[in-house]
Amino acid sequence: MSDLFTRPAPRILIAGVDEAGRGPLAGPVVAAAVILDPARPIAGLGDSKVISEKRRAGLALQIRQCAWVGVGIAEPEEIDRLNILQATMTAMARAVRNLPFTPGHILIDGNRVPHDLPCSAEAIIKGDASEAAIGAASIIAKTVRDDLMLRAALRFPGYGFEGHKGYPSATHRNALIALGPCPIHRFSYAPVRAALENR
């Protein structure tokens, strides 16, 4: 077992929180919460969207080895029932609750803060580029969601989830028209609803 789980937590627990998957037509929205260990700094953290896939994978492994991580997921059914904003807030709150320690303060990427958090929190626009903990959360959320979409590609072949990860690319829209929606599509989204009606 890694010594990460036998060492005491840092005295001041600051968690960074970010999400991946608000824009896709299919799949869950995934949030991550990360508490970095000041004794084990990680170089190269930042907005996952500007980091290569290979580099993201390496950083995600390092984050899990050197920091404390919680992940929260809101499935497509929740997105349809709650709307994407509320589902995102729900996933973020779940990520914080899934941390091994309750943080003393939370830094959240964006301009909104979930209501049901266990401590004080603040939203920081473009925080994934300016706050290391948020950048780490961005990387974890992105890599977890991408992995889920790779698995979805095996369950639902023909949609190209392995490439576009559920985002509304031309390939995805064409497959949606040809095949109709599958169970992980977000039926409250207009292109999915239109494809279903056209069937």
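Begin the tour by selecting Lys49, which is exposed, with a relative accessible area of 65%. Exposed means over 50% relative accessible area, buried under 20%, and partly exposed in between (1.4 Å probe, protein chains only). The structure is a predicted model, in which local features need pLDDT of at least 70, side-chain atom pairs count only at pLDDT 80 or more, and totals for chains, interfaces and linings use all residues. Residues are numbered from 1 along each chain as its sequence is written, and side-chain values use heavy atoms, with hydrogens and water left out.

**The salt bridges of Lys49**

Next, select Asp47 together with Lys49. These residues form a salt bridge, and their closest N and O atoms are 3.0 Å apart. A salt bridge is a side-chain nitrogen of Lys or Arg within 4 Å of a carboxyl oxygen of Asp or Glu. Asp47 is buried, at a relative accessible area of 14%.

Asp128 lies in helix α4 (residues 127-130) and Lys49 in the loop between β2 (29-36) and α1 (53-66), so the pair ties together parts that are 79 residues apart in sequence. Helices (H or I, at least four residues) and strands (E, at least two) are DSSP runs, numbered from the N terminus. Asp128 counts as buried, at 6% relative accessibility. With the three residues displayed, one sees a network of salt bridges linking Asp47, Lys49 and Asp128.

**From helix α5 to helix α1**

Select Asp146 and Arg56, which form a salt bridge whose closest N and O atoms are 3.6 Å apart. Asp146 belongs to helix α5 (residues 132-155) and Arg56 to helix α1, so this pair ties together parts that are 90 residues apart in sequence. Asp146 is buried, with a relative accessible area of 9%; Arg56 likewise counts as buried, at 9% relative accessibility. In the whole structure, a search finds seven salt bridges.

**The largest pocket**

Finally, select Asp18, Glu19, Arg22, Lys49 and Asp109, which lie nearest the centre of the largest pocket among its 19 lining residues. The elements giving two or more residues to this lining are β1 (14-20), α3 (84-97) and α5. On a 1 Å grid over the protein atoms alone, a pocket is an open set of points where a 1.4 Å probe fits, with protein on both sides within 12 Å along at least five of seven lines; lining residues have an atom within 4 Å of a point. The volume of the largest pocket is about 380 Å³, a volume being the space filled by probe spheres set on the points.
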